[in-house]
Every structure is written in structure tokens, then in C-alpha cells.
Amino acid sequence: ASRICHLSQQLLRRHCDFNLFVHVQLHATRKSFCPVRMESLFLGLCHNKPKKSVATAIVLEDYICTQGDLALIDFIKEILCEPRVEVVLIDDAFVERKSMECLFKPNAYLGDEVIDCYINLIKAQKHLKCRSRGCVHIENAFQINFLKRDGDVEIKTEELYPIKDMSQICSVERRVLLYLDHDMVFILINIRETHWYLVVINARNMEIQVLDSLGTSQDRKDLTDSIKGLQRQIGMTSQRKELKDHRWPDLQVASWPLREIEMAYAKQTYSSLCGLFLLNYIEYWTWDELSDNFTQDDMSHFRETMAAILLSSYLNKRKGCPLYNYEKEVDTGNPSDVEILDIPTNAKKRKLLHVLDD
């Protein structure tokens with residue numbers, strides 16, 4: 001497949017005026033973009049979120065956009081809403097222009113790309129990784145899919161992790177050892193892309209804490225499956241490694257009690273804010289309480305403000321210079337752009353061209 005892809009790219013280069021095609025595409029995409037103007041919009045922007053220190057008190061104004069924030073957001077909105085225009089890159093997480101739309105629409109569901117980028121900003125604050133009662137590991141939004149999959153007891157472990165696939169097995173072992181080296185592990189639960197809530201594996205208390213902005217729920221199947229999956233991964237790792245010198249007093253995490261945390265004011269009445277609540281739970285949860293108070297109104301304001309925070313962060317490698325992926329891709333176009341100028345006499349080459357044509 002890679003060979004066919006490579007040859008098709010060569011055909012595009014040879015038989016199409018490809019450079020002109022890309023130039024037209026770039027011109028169409030960038031027609032509203034001015035780097036100098038964008039750079040000037042970052043001047044004077046300053047945000048207290050994520051919390052810069054333990055002593056920082058987050059107030060109402062920290063959730064609300066300033067005039068400078070709104071000017072930056074309006075400028076970003078002028079960039080064509082295309083999936084391959086990357087506007088935020090923080091560590092290993094990125095957000096494309098199209099994915100930013102969830103921060104501009106008041107009733108939109110928050111995407112995992114945006115969530116992972118803000119989580120990386122939280123991780124960059126040392127006091128949020130090492131909190132007063134212990135060390136914290138914050139999992140990315142995608143990892144929950146593997147935990148839930150591994151929690152299916154009807155699938156055998158050797159089917160999930162064949163012995164010949166050592167890369168997967170080693171990856172699980174590294175993740176388990178990472179969890180065991182922390183006092184709290186934050187897991188993000190996504191229910192069928194309609195609702196987010198936070199699960200805290202509190203090792204010192206030997207309990208599973210649930211922070212859900214919709215309140216308590218009787219249906220926690222996604223959570224129970226994920227914990228079963230983690231238990232399976234711990235069991236796999238213990239068969240190959242001696243698990244000692246870690247922070248967990250007990251490795252039977254599936255037997256730990258489930259504790260629903262009742263939120264006094266930090267709760268929602270409609271579902272589109274759940275991702276914003278999730279991120280603030282991650283930012284403020286200390287051990288058994290929130291360090292800062294916030295309300296649903298704060299989250300309504302925070303949606304747009306988070307766009308400005310991500311775009312203007314000093315950790316954003318795309319700050320002031322969005323990446324247009326047309327520049328590094330050579331597969332733009334369609335099959336009708338390719339013209340076969342000559343039919344090769346070699347039988348193997350003729351067969352390959354038929355495959356390409358199909």
C-alpha cells in the first residue's frame with residue numbers, strides 16, 4: 001500500500017502542474033491571514049488560567065474575555081475553517097482551525113483535541129502536578145478507549161496483547177508503572193461523545209472518586225469497564241515485572257470503593273458545558289475538595305476565553321504562525337488530475353498501473 005501511495009505521488013508530481021495547484025490552494029486559504037497583524041494581537045494579553053501558583057485566587061474576571069482576547073478570536077475566525085490548518089500545538093497535542101469551532105459556539109460539545117491541549121497547559125504548572133497531598137498524573141482524553149476495551153471480560157488477554165506484539169505489551173507496562181508512581185491519576189470519561197466527567201484514582205485513600213457536573217448517576221458502566229481494564233493491565237504487568245517501590249498501598253484497584261463527589265455550585269444544567277467543567281475539576285481538585293469555586297455562568301464565559309488562552313500561550317508552537325499542512329503534503333488533488341502519457345511494456349508496471357487505476 002505504501003509503495004502504491006509513493007508511486008501515485010510520483011505520478012502527480014510528473015503529470016500535473018502540482019506546484020501551481022498548491023499555490024492556488026494556499027492563496028485561497030491564506031487570503032485573510034496577516035502574520036504581522038496577528039503578532040500585534042498578542043501584545044498585552046495575560047491570563048491567570050491555568051493557575052500560576054497555589055496562592056493564585058481565580059476570580060470571575062479570569063473567566064471573561066478581555067477586548068484583546070476578543071480581537072484575537074475575531075482574527076482567528078477570519079482564517080478559513082479547514083481541517084488541515086493547525087493553529088495550536090502544545091507539546092504533543094494540536095488543534096486545527098476547524099476543531100476550534102467548539103469554542104466559538106455556545107452549545108457545542110468540547111472536542112478531545114481542545115481538551116488535551118488545555119491539559120498540557122495544566123501539566124506545565126509544577127504546582128498542579130505535585131499538589132499538597134501528593135503527585136498527580138493526568139491522562140489524555142484518548143486513553144480511556146483502551147481501558148474500556150481491556151475491561152471487556154469476554155475478550156482474552158492474549159487476543160488483546162499477542163505475545164509477538166511486544167511493542168503493545170511494553171507500552172502497557174510503561175503506563176502501569178507511570179500510574180503506580182503517582183498518588184492520584186485523573187482519568188477522563190467520555191460517554192458516547194455526549195458527556196465528559198472526571199474520575200480520580202486516589203491511591204492513598206484507596207478509592208475511586210467521581211466528579212460529574214451533572215451530579216450522581218446510577219449508570220457508571222464506562223467507569224467500571226475502565227477500572228476493570230486497568231486491573232487487567234496491572235495483572236499483565238505483574239506477571240512480567242516485580243511491582244515494588246511504588247506509591248499504591250494496594251494493587252486491587254477494581255475492589256476500591258466508588259465515591260461520588262457532590263458538587264455544591266460547580267454543576268451544570270445543560271450538557272454542552274461538561275468539557276469545561278471537566279477541565280476546571282482537573283485544575284482545582286486537591287484531594288477531597290476544589291481549591292477554587294466556580295459556577296455554570298463562569299463556564300459559559302470560559303468557553304471563548306479558553307480559545308484566547310490556547311492561542312496566546314507561550315507554549316503554543318503555532319503562536320502567530322499557523323501551519324498550513326498543504327506545504328508538506330503531496331497527495332492533494334484527485335485521480336482525474338493524473339494523465340498516463342505512456343503505457344510501459346514491463347508487465348509488472350502495467351499491473352501496478354491497473355491497481356492504481358482501480
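Student: What makes helix H11 mostly covered?

Tutor: In this predicted model, 11 of the 11 residues of H11 are buried. Buried means under 20% relative accessible area, exposed means over 50%, and partly exposed lies in between (1.4 Å probe, protein chains only). Among the buried residues of H11 are Cys274, Gly275, Leu276 and Glu283. Helices (H or I, at least four residues) and strands (E, at least two) are DSSP runs, numbered from the N terminus.

Student: What are the ground rules for the numbers?

Tutor: Residues are numbered from 1 along each chain as its sequence is written, and side-chain values use heavy atoms, with hydrogens and water left out. Because the model is predicted, local features need pLDDT of at least 70 and side-chain atom pairs count only at pLDDT 80 or more, while totals for chains, interfaces and linings use all residues.

Student: Why is H11 called roughly perpendicular to H12?

Tutor: The two helices pack at an angle of about 90 degrees, with their axes 9 Å apart. Axes are lines fitted to C-alpha atoms, for helices over the stretch in contact, and angles run from 0 to 180 degrees between N-to-C directions. Under 35 degrees counts as roughly parallel, over 145 as roughly antiparallel, 65 to 115 as roughly perpendicular and the rest as oblique. So H11 is roughly perpendicular to H12.

Student: Which residues make that contact?

Tutor: H11 contributes Leu276, Phe277, Leu279 and Asn280. H12 contributes Gln296, Met299, Phe302, Arg303 and Met306. Contact means heavy atoms within 4.5 Å. By class, the contact has 6 nonpolar, 2 polar and 1 charged residues. Here Ala, Val, Leu, Ile, Met, Phe, Trp, Tyr, Cys and Pro count as nonpolar, Asp, Glu, Lys and Arg as charged, and the others, Gly among them, as polar.

Student: How many aromatic pairs does the whole structure hold?

Tutor: The search finds 9.

Student: Why is the pair of Tyr63 and Phe302 called edge-to-face?

Tutor: Their ring centres are 5.9 Å apart and their planes stand at 90 degrees. Rings of Phe, Tyr and Trp (its six-membered ring) pair if their centres lie within 6.5 Å; planes under 30 degrees apart count as stacked, over 60 as edge-to-face and the rest as tilted. The pair is therefore edge-to-face. Tyr63 sits in the loop between helix H3 (35-41) and helix H4 (67-78), and Phe302 in helix H12 (residues 296-312), 239 residues apart. Both Tyr63 and Phe302 are buried.

Student: What makes Phe277 and Tyr281 a tilted pair?

Tutor: Their centres are 6.2 Å apart, with 50 degrees between the planes. Both lie in helix H11 (residues 274-284), 4 residues apart, about one turn of the helix. Together with Tyr284 and Phe294, Phe277 and Tyr281 form one aromatic cluster.

Student: How do you know that Lys49 lies over the face of Phe302?

Tutor: Lys49 is at 4.8 Å from the ring centre. A charge sits over a ring if NZ of Lys or CZ of Arg is within 6 Å of the ring centre and within 35 degrees of the ring normal. Arg220 likewise lies over the face of Tyr197, at 4.4 Å from the ring centre.

Student: Why does Thr237 count as buried?

Tutor: Its relative accessibility is 0%, so Thr237 counts as buried. Thr237 lies in helix H10 (residues 221-240). Leaving out residues up to four places away in sequence, Thr237 touches Val172, Glu173, Val176 and Leu243.
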